[in-house]
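Subject: Structure handover

Hello,

Here is the structure I said I would pass on. Please open it beside this message and follow along.

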Amino acid sequence: MVTTKQNVSLSFRDLHASFNADGKYYVIFNYAQGRTLQQALEDGKFNLRERLQIMKNIFAQIFLLNMPECFLYEVLRKDNIVVDDDLGIRFNYYFTEVDYYWKVQEKDCMNRMAGLVYELFAKELEQKSSRELMKYARDMEEGRFAYLWDCYVAYDNIYETVLTKSEQQEMKPGRIWWR
């Protein structure tokens, strides 16, 4: 199959082209330069507000790009997510499980998102400092959402609450509101 205007989502702009040559199939994606989410998390410089925004921006990119699940599955790795200085998100496409891609379902992508939730909010989840984040992470892990969109809606619903509590310094373990 060759990439044409008829068979590619116009919103999935990261796919540059695909073609057959010399008996092989080639796919060309845009490359995003910058710090990966993995590098950024290792630096440990993001506060909760920034990590909340990063998660929101990851969801935004997923829905803006409207990519096939096999590509989405791959980009939802910390080393394929690029975070710019304004917390904007871009993706890189390094394929490591090619034989599996044609079997990927939305649930697989949701499991990858659950892993990102645990990575981004590890401190808060470990300290049990946010009921909302704990419930959301548990719901993700237990597969309580039917679609990726449901995961986003649930996240969006807790986003402002968690943000407000963090700004009011209510996100410390052992606070009276937690008990």
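Start with arginine 144, which forms a salt bridge with aspartate 139, their closest N and O atoms lying 2.8 Å apart. Please keep in mind throughout that this is a predicted model.

Arginine 144 counts as exposed, because its relative accessibility of 51% is over the 50% cut-off. Aspartate 139 counts as buried, because its 8% is under 20%. Arginine 144 also meets glutamate 142 in a salt bridge, with 2.4 Å from N to O. Glutamate 142 is partly exposed, at a relative accessible area of 43%. Which residues are linked in a network of salt bridges here? They are Lys135, Asp139, Glu142 and Arg144. The count of salt bridges comes to 10.

Another of these pairs is lysine 165 with glutamate 132, where the side chains meet at 2.9 Å, N to O. Lysine 165 sits in helix α7 and glutamate 132 in helix α6, so this pair ties together parts that are 33 residues apart in sequence.

Helix α6 covers residues 131–141 and helix α7 covers residues 148–167. Their axes are 9 Å apart, and the helices pack at an angle of about 160 degrees. An angle over 145 degrees counts as roughly antiparallel, and α6 and α7 are therefore roughly antiparallel to each other. The crossing of α6 past α7 is left-handed. On the α6 side, the contact is made by Glu132, Leu133, Tyr136 and Met140. On the α7 side, these residues meet Cys151, Ala154, Tyr155, Ile158, Thr161, Val162 and Lys165. By class, the contact of α6 with α7 has 8 nonpolar residues, 1 polar and 2 charged.

What about the rest of α6? Its buried residues are Glu132, Leu133, Met134, Tyr136, Ala137, Asp139 and Met140. The elements that cover them include α2, α4, α5 (122–127) and α7. Just after α6 comes glycine 143, with a positive phi of about 70 degrees.

Now compare a second pair of helices, α2 and α4.

Helix α2 spans residues 48–65 and helix α4 spans residues 106–120. Their axes come within 10 Å and cross at roughly 160 degrees. As a result, α2 and α4 are also roughly antiparallel to each other, but their crossing is right-handed. The contact involves Arg51, Ile54, Met55, Ile58, Phe59 and Ile62 from α2, and Met113, Leu116, Val117 and Leu120 from α4. The residues of this contact divide into 9 nonpolar, no polar and 1 charged.

Next, two backbone details. Most residues other than glycine have a negative phi. Which way do aspartate 22 and lysine 128 go? Aspartate 22 has a positive phi, near 55 degrees. Aspartate 22 lies in the loop between β1 (15–21) and β2 (24–29), and with 77% relative accessibility it counts as exposed. Lysine 128 is not a glycine either, and its phi is positive at about 55 degrees. The loop between α5 and α6 holds lysine 128, which is partly exposed with a relative accessible area of 45%.

Last, the chain as a whole. The chain has 7 helices and 5 strands. From the N terminus, the order of the elements is β-β-β-α-α-α-β-β-α-α-α-α. The chain has 179 residues, of which 44% count as buried. Among contacts with a separation of 6 or more, 65% are between residues 24 or more positions apart.

Go on to the salt bridge between lysine 165 and glutamate 132, and then to the right-handed crossing of α2 and α4.

Regards

How values were computed
Residues numbered from 1 in each chain as written. Predicted model: local features only at pLDDT ≥ 70, side-chain atom pairs only at ≥ 80, totals over all residues. Heavy atoms only, no water. Axes fitted to C-alpha atoms, helices over the stretch in contact; angles between N-to-C directions. Helix = DSSP H or I, 4+ residues; strand = E, 2+ residues; numbered from the N terminus. Parallel < 35°, antiparallel > 145°, perpendicular 65-115°, else oblique. Left-handed = near helix turned anticlockwise from the far one by under 90°. Contact = heavy atoms within 4.5 Å. Nonpolar A, V, L, I, M, F, W, Y, C, P; charged D, E, K, R; others polar. Salt bridge = Lys/Arg side-chain N within 4 Å of Asp/Glu carboxyl O. Buried < 20%, exposed > 50% of the residue type's maximum accessible area, 1.4 Å probe, protein only.
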